[in-house]
Amino acid sequence: MKLLWLGVDVSRVLHLAAVFCLTCVLLKAIQLFHRRRELIRALADFPGFPTHWLFGHVHEVGESRIWMQKYPHAHPMWFGSFSAFLVVTDPDYAKVLLGRGGERLCKTCLACVSPGNGLLILHGPKWHQHRKLLTPGFHYDVLKPYVDLMAESTNVMLDKWEKLTADGKSVELFEHVSLMTLDSIMKCAFSCHSDCQTNRKNTYIQAVYDLCHMVHQRLRIFPYHNDIIYWLSPHGFRFRKACRIAHDHTGIPYKVIHERKESLKDEQEFEKIQKKRHLDFLDILLCAKDENGAALSDEDLRAEVDTFMFEGHDTTASGISWLFYCLAMHPEHQQLCREEIQGILGDRDTIQWEDLAKMTYSTMCIKESLRLYPPVPGVSRQLSKAVTFPDGRTLPEGLVAAISIYLIHRNPEVWKDPLVTAEGRMLLWEGWVCCAQHWDGLAELLCLCRNCIGQQFAMNEMKVALALTLLRFELLPDPAMPPLKITRIILRSKNGIHLNGRWRGSP
C-alpha cells in the first residue's frame with residue numbers, strides 16, 4: 001500500500017531526494033579528488049613532511065622550524081587532504097613574491113577584521129585610492145601630539161601593575177598591554193577617552209582573541225572549510241557572536257563618526273576642523289577626498305574604522321608584550337635601555353616627541369625583539385599568475401604562498417645564531433631586513449609593496465611604553481610560567497606572558 005500525501009507518493013519523493021543527495025555527494029567527492037590531484041601536481045617540486053591521509057599536517061604545525069632546516073627555501077603545508085599552500089622560509093623566495101604586483105592577499109585569515117573591505121584586505125585601484133586618502137593621517141605632524149596620549153594610557157597601565165605586583169605575584173602582560181593599546185587608539189584615532197583599562201566588563205579584547213583562535217581552528221578542521229557547514233556548526237555560531245561583540249565595540253567611534261559628519265555640514269565647522277592643530281585619524285578620514293572630489297562612503301568609513309581598531313591595538317600589544325619578555329630574559333640589555341632613557345629624560349617624568357629619535361639603543365632592542373617575535377608571523381598571497389623562483393622551481397596560478405616572517409627571521413642560513421640576541425646585529429638592523437647581502441633591494445621592494453601604513457605610529461607607542469615602564473619597573477621573568485608561543489594571525493602565547501615586576505618608584 002502506497003503512502004500518499006496530497007495525492008503524491010511519499011516513498012517516491014524520498015527516493016528521488018535520496019538520489020539527488022547521493023549525486024551531490026558524489027559530485028563533491030569528484031571535485032575534491034580533482035582539487036587534491038591539482039595540488040599534488042602543483043607542489044610536486046617542493047618536498048615536505050609526509051602527510052596524514054585525513055588530517056594532513058594539522059598535528060605537526062609546531063614542527064615548522066625543523067621542516068625549514070630539512071626542506072630549505074620552501075615546503076608545502078596541508079590542512080586536511082584537500083587544502084594546501086606553500087610556506088616560504090627563504091628571503092630570496094620572499095623577494096620574488098613581494099616584487100610582483102597584482103597579487104591578492106589570501107582573505108581566509110582576515111575575514112574577521114571588518115564587515116567591509118578595509119585597507120588591510122583591499123587590492124587593486126581601490127586599495128591605492130584608500131591608501132592615498134589615509135596616508136596624511138600618519139604624517140609626522142599628526143603623530144606628534146599622540147605621544148602625550150600614549151604616555152597617559154601607559155601610566156594608567158603601570159599604576160595597575162604597581163598594585164598587582166605589591167604582593168610579589170607575577171603579572172600576565174598581554175591582557176593589560178592590549179587594553180592599554182586599545183585605550184591609546186581610541187584617544188589618538190577618535191579623540192575618545194574611554195575607561196576600557198579600568199572597566200573589567202570590556203569584552204572587545206577577548207572577542208578579538210577568540211576570533212583569531214577560531215579562524216585558525218577553522219583552517220585545521222577540514223569540514224569547516226565549507227561555509228555552509230561552518231555557519232551551521234556551534235563554532236560558526238560562536239564566531240558570529242564574537243564578530244558582533246567586536247563590531248559592537250566600535251559603536252563608540254560610529255557615534256563619533258555620525259556626530260562629526262553632522263558638524264561638517266556647517267561650513268564654519270568644516271573650516272575649523274581643517275585648521276585644527278591636532279588632527280586625529282577620524283578628522284583625516286572625514287576630510288579626505290580624491291582628485292575627483294569623492295570622499296569615503298559610510299561603508300568604507302566603517303570598514304577602515306574596524307581595520308584600524310583591530311590592527312592598531314592587537315599587533316602593537318603583541319610587539320610590546322614580547323619586547324618586555326625579551327628584556328626580562330636579557331637584564332643587561334634592559335639596564336642599557338634604562339640608562340639611555342634616564343640620560344635622555346633627565347629629571348623629567350614625561351616623554352616628548354623629540355625624545356623618541358634619541359632612543360637609539362632602545363630602538364635596536366625593539367627591532368631585535370620584532371625579529372625574534374614578529375607580531376604578524378606570516379602573510380599570504382594568492383598567485384594571479386605563475387611564478388618562478390630563483391632555483392627554477394615554479395608555482396602555478398591560483399596557488400597560495402605563505403611568507404613565514406617568523407621562520408625567515410630564525411633561518412640559520414640567513415642569521416648566524418638566530419636565537420641569540422647580538423648587539424652587532426642590532427647595529428646593522430634596518431627595518432625587518434637583515435644585513436645579509438642577498439637581501440639587497442628587499443627594503444625597496446617592501447616600500448613599493450603593501451608595507452604597514454601605521455608602522456611609525458606603532459613604533460612610537462612601543463618606545464613610549466618601553467621608556468615609561470623601565471623608569472618605574474625592573475622586569476623579571478617568571479620561571480614557573482614560561483610562554484608557549486602560538487602562531488595565529490597575531491603571535492601570542494598559549495598561557496599568556498607572565499613577568500615579575502620590581503617597582504622602582506615614580507620616575
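R492 is buried, with a relative accessible area of 4%; the word buried stands for under 20% relative accessible area, exposed for over 50%, and partly exposed for values in between, computed with a 1.4 Å probe on protein chains only. The structure is a predicted model, in which local features need pLDDT of at least 70, side-chain atom pairs count only at pLDDT 80 or more, and totals for chains, interfaces and linings use all residues. Residues are numbered from 1 along each chain as its sequence is written, and side-chain values use heavy atoms, with hydrogens and water left out.

The side chain of R492 meets that of D314 in a salt bridge, at 2.7 Å from N to O. A salt bridge is a side-chain nitrogen of Lys or Arg within 4 Å of a carboxyl oxygen of Asp or Glu. Side chains of opposite charge can pair when their charged atoms come close. D314 is buried as well, with a relative accessible area of 2%.

The whole structure contains 11 salt bridges. Another of them joins D159 to R472, whose closest N and O atoms are 2.8 Å apart. Because D159 lies in helix 6 (residues 146–164) and R472 in helix 21, this pair ties together parts that are 313 residues apart in sequence. Helices (H or I, at least four residues) and strands (E, at least two) are DSSP runs numbered from the N terminus.

The salt bridge between E368 and R371 has its closest N and O atoms 3.0 Å apart. These two residues are separated by about one helical turn, because they stand three residues apart in helix 17 (residues 360–372). E368 is buried, with a relative accessible area of 2%, and R371 is buried, with a value of 0%. Salt bridges with shared partners also join E152, D183 and K187 into one network.

The structure holds 18 aromatic pairs. Rings of Phe, Tyr and Trp (its six-membered ring) pair if their centres lie within 6.5 Å; planes under 30 degrees apart count as stacked, over 60 as edge-to-face and the rest as tilted. The pair F281 and F308 is stacked, because the ring centres are 4.2 Å apart and the planes stand at 20°. This pair links distant parts of the chain, with F281 in helix 13 (residues 281–287) and F308 in helix 14, 27 residues apart. Both F281 and F308 are buried.

R36 lies over the face of W78, at 5.1 Å from the ring centre. Likewise, R218 lies over the face of W231, at 5.8 Å from the ring centre.

Two loop positions complete the account. T165 lies in the loop between helix 6 and strand 6 (171–172), and T165 is buried, with a relative accessible area of 12%. Leaving aside residues up to four places away in sequence, T165 touches V171, F473 and G501, where contact means heavy atoms within 4.5 Å. C452 is in the loop between helix 20 (442–448) and helix 21 (455–472). In an unreviewed entry, UniProt lists C452 under "binding site"; UniProt positions follow the numbering used here, feature names are shortened, and annotations may be inferred rather than shown by experiment.

Terms used:
Lys NZ or Arg CZ within 6 Å of the ring centre and 35° of its normal.
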